[in-house]
Amino acid sequence: MTTSLIQKITNTTSGIASTILRIPVGLILMAHGAQKLFGAFGGYGLEGTGQFMASLGLEPGYLMALLAGSAEFFGGLALVIGLLVRPASIVVAFTMLIAIFTVHISNGLFMSNNGYEYALTLLIVAVSLAFSGAGSFSVDKAISAKN
């Protein structure tokens, strides 16, 4: 018997642990995405973030800001509600890899020097969720149970 793609994506092998992990991380990601997309929480919005990304060689800067902000905001939203957590986690992980290697790696590990420890932590959480799934209390669990 073959398992459907939706079943594979939404299946979760973890209990409450993934739920406890994904909700606060999702909220943090949403806040960072809102900085890039909307200029919320002291962020620079798409224009400012786009200029910064262009200065790093990520061209076109505006599009890259839109992609990064969307990955963080909508990926974070997916984590919070527990919907399509595996694909959202993969997108977030990829975004964090780009952040690490284009912005933070030359500054060392620690955040006090704009290092990569925060982005690395988010990358590790995203990879963990990509393997474990959304957890007990999630839309993915409800979808998986119906299939």
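Student: Why are α5 and α6 called roughly antiparallel to each other?

Tutor: Helix α5 (residues 85-104) and helix α6 (residues 117-132) pack at an angle of about 155 degrees, their axes 8 Å apart. Angles over 145 degrees count as roughly antiparallel, therefore the pair is given that name. The model is predicted: local features need pLDDT of at least 70, and side-chain atom pairs count only at pLDDT 80 or more, while totals for chains, interfaces and linings use all residues. Residues are numbered from 1 along each chain, and side-chain values use heavy atoms, leaving out hydrogens and water.

Student: Which residues make the contact between α5 and α6?

Tutor: Contact means heavy atoms within 4.5 Å. Among the residues that make it are Val85, Ile90 and Met96 of α5 and Leu122, Ala126 and Phe131 of α6. By class, the contact has 16 nonpolar, three polar and one charged residues.

Student: What makes a set of residues a nonpolar core?

Tutor: Its members are buried Ala, Val, Leu, Ile, Met, Phe, Trp, Tyr and Cys residues joined through side-chain atoms within 4.5 Å, where buried means under 20% relative accessible area. The largest such core has 15 residues, of which Val25, Leu29, Leu79 and Met96 touch the most other members. Two or more residues come from each of α2 (16-38), α5 and α6, and α6 gives the largest share, six residues.

Student: Which residues does Leu29 touch?

Tutor: Leaving out residues up to four places away in sequence, Leu29 touches Glu72, Phe73, Gly76, Leu79, Val92, Met96 and Leu122. A second, separate core of nine residues includes Ala34, Leu46, Ala65 and Phe73.

Terms used:
Axes fitted to C-alpha atoms, helices over the stretch in contact; angles between N-to-C directions. Helix = DSSP H or I, 4+ residues; strand = E, 2+ residues; numbered from the N terminus. Parallel < 35°, antiparallel > 145°, perpendicular 65-115°, else oblique. Nonpolar A, V, L, I, M, F, W, Y, C, P; charged D, E, K, R; others polar. Buried < 20%, exposed > 50% of the residue type's maximum accessible area, 1.4 Å probe, protein only.
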